[in-house]
Amino acid sequence: MIAAFAKAGCILKDDVYLKRAIKAATFVKKYLWIEETGKLTRSCYKGDDGEIVQLENPVEGFSDDYSFLIHGLLELYQASFDEEWLKWAAQLQEKQNELLWDDQAGGYFEGGEQSKLLLRLKQDQDGAEPSGNSIAATNLMRLSSFLEKKEYREKAAKIYALFEPRLSKMPHALPQLMASFILYTGTQKQIIIVGERDAEDTKKLLETVHSCFIPNKILILCNEKENHFLASKLSVLKSLIKVDDKATAHVCENFACKLPVSSSEELAKLLKGKQE
């Protein structure tokens with residue numbers, strides 16, 4: 001839901017949807033995340049007085065909870081460019097790796113060692129909802145670009161290898177994992193806009209990006225006054241500047257960038273050319 005509202009806000013140019021995405025993410029962070037441990041909880045409840053309450057011993061979040069929330073937060077960052085959402089996504093990914101990753105065979109277990117599940121399984125089938133492992137593989141690929149973490153890409157590769165037999169024989173049963181694998185075998189697109197978040201020239205470039213269908217793109221707003229978290233992770237941001245003091249777009253593949261452009265028309269041509 002967070003991802004859907006965030007995308008809708010960008011594509012429909014309606015802040016109402018973005019505000020709903022932020023409200024939902026804020027609720028989850030306040031009531032379903034334990035800051036001291038970094039863990040997610042499975043649910044919360046409305047008390048008799050109308051206040052949101054937790055069980056004395058709350059059920060810890062499953063792999064799906066981490067995967068889908070991280071996915072939503074990545075989309076929320078690309079809609080709001082508030083680094084706090086991206087930072088939280090990175091923290092949750094580390095916690096998911098710590099609690100649920102199988103160091104021997106790869107992939108994520110549904111529940112942690114302390115869960116009350118009789119069997120610790122790893123789901124792969126993408127049914128009405130994609131599996132946690134399929135979404136996690138995509139998250140790892142995207143975060144590997146956002147944070148320059150090669151080990152995340154390596155983890156994604158282990159997920160593909162783990163489910164390779166079914167992926168080869170029954171790809172229609174794992175469409176999300178197949179889409180993630182295509183991302184892995186292709187070139188990942190990064191679009192970096194250098195400019196102030198609320199400036200009109202920046203907004204026009206962002207609108208152009210959102211008007212193009214580019215699955216799993218990495219979209220970053222580079223502003224030295226605000227990019228404290230990303231600047232500490234991505235060395236490339238230090239070398240990207242405005243051209244003629246205008247908001248400037250840098251379109252890259254694996255952070256090998258084309259010549260920068262400053263107009264929406266030039267950016268549209270560049271993006272459409274990269275999709276052909």
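**The sheet and the core**

In strand β6, Q190 has I218 as its bridge partner. Strands here, like helices, are DSSP runs numbered from the N terminus, with at least two residues (E) for a strand and at least four (H or I) for a helix. Before I continue, please note that this is a predicted model, in which local features need pLDDT of at least 70 and side-chain atom pairs count only at pLDDT 80 or more, while totals for chains, interfaces and linings use all residues. Residues are numbered from 1 along each chain as its sequence is written, and side-chain values use heavy atoms, with hydrogens and water left out.

Q190 also has a bridge partner in β7, namely C252. Strand β5 (residues 189-194) is joined to β7 (residues 248-253) by six bridges, and these two strands run antiparallel. Five bridges join β5 to β6, and that pair runs parallel. Two strands count as paired if DSSP finds at least two bridges between them. At V194, the residue standing opposite in β7 is T248.

What is the order of the four strands in the open sheet? The order is β6-β5-β7-β8, with mixed pairing. The edge strands, each pairing on one side only, are β6 (218-222) and β8 (256-257). Helix α9 (residues 200-210) packs on this sheet and touches β5, β6 and β7, contact meaning heavy atoms within 4.5 Å. The direction of α9 makes about 165° with that of β5; axes are lines fitted to C-alpha atoms, for helices over the stretch in contact, and angles run from 0 to 180 degrees between N-to-C directions.

Why is β5 described as largely enclosed by the rest of the structure? Five of its six residues are buried, that is, under 20% relative accessible area with a 1.4 Å probe, protein chains only.

I turn now to the core. In the largest nonpolar core, of 72 residues, L92, I193 and I220 touch the most other members. Such a core is a set of buried Ala, Val, Leu, Ile, Met, Phe, Trp, Tyr and Cys residues joined through side-chain atoms within 4.5 Å. Helix α3 (residues 63-80) gives the most to this core, with eight residues. Because domain 1 (1-185) and domain 2 (189-272) both give residues, the core lies between them; the domain bounds come from an automatic or database domain assignment.

Notes:
Buried < 20%, exposed > 50% of the residue type's maximum accessible area, 1.4 Å probe, protein only.
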